[in-house]
Amino acid sequence: MAVCLIDKVPQPGNEEGRLGYLTSVYTHAEHRDRSLGTALITEVQSWARRERLELLVVWPSIESRAFYRAHGFEGVEPMGGLDRAEVK
């Protein structure tokens, strides 16, 4: 699991701010169903609040969408174009 920090483009009245791009979220099969993913994502969300990140961005796989929804992420459906799983 990694968070890449992205500085926002300054706008009038909002000179600073950062986003986090959460990537490489994966639990090996032999460690699943132990709430490890929940513990990790909860810590990342707490860290993001402490760092005052405006937003955490994810690009979820089809299999991970329910996980992100269960942890408060919204809009985890494809955002236009072809979903990666649909590209043949």
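Q45 is found in helix α1, which spans residues 36-50. The model that holds this residue is predicted. With a relative accessibility of 17%, Q45 counts as buried, because the cut-off for that class is under 20%.

**Surroundings of Q45**

Leaving aside residues up to four places away in sequence, Q45 touches L56, H71 and F73. For L56, the separation from Q45 is 11 residues in sequence, and the C-alpha to C-alpha distance between the two is 8.1 Å. F73, which Q45 also touches, is a buried residue and takes part in a ring pair with Y68.

**Aromatic pairs**

How many aromatic pairs does a search of the whole structure find? The search returns two. They are listed below with their geometry.

| Ring pair | Centre to centre | Angle between planes | Class |
|---|---|---|---|
| F67 and Y68 | 5.5 Å | 75° | edge-to-face |
| Y68 and F73 | 5.3 Å | 75° | edge-to-face |

Why is the pair of Y68 and F73 edge-to-face? The planes of these rings stand at 75°, and the class applies to angles over 60 degrees, so the pair falls into it. Through such ring pairs, F67, Y68 and F73 are linked into a cluster.

F73 is buried, as is Y68.

The pairing of β1 with β2 (residues 18-23) is antiparallel and runs over six bridges. Within this part of the sheet, L5 stands opposite G20 of β2.

**The chain as a whole**

The protein chain contains two helices and three strands. Read from the N terminus, the elements follow the pattern β-β-α-β-α.

Of the 88 residues in the chain, 20% are buried; Q45, Y68 and F73 are among the residues that count as buried. For contacts in the chain with a separation of 6 or more, 46% are accounted for by residues 24 or more positions apart. The accessible surface of the chain comes to about 6,800 Å², and carbon and sulfur atoms hold 54% of that area.

Notes:
Residues numbered from 1 in each chain as written. Predicted model: local features only at pLDDT ≥ 70, side-chain atom pairs only at ≥ 80, totals over all residues. Heavy atoms only, no water. Pairing = 2+ DSSP bridges. Helix = DSSP H or I, 4+ residues; strand = E, 2+ residues; numbered from the N terminus. Phe/Tyr/Trp six-rings, centres within 6.5 Å; stacked < 30°, edge-to-face > 60°. Buried < 20%, exposed > 50% of the residue type's maximum accessible area, 1.4 Å probe, protein only. Contact = heavy atoms within 4.5 Å. Areas by Shrake-Rupley, 256 points an atom, 1.4 Å probe, with all protein chains shown as cover.
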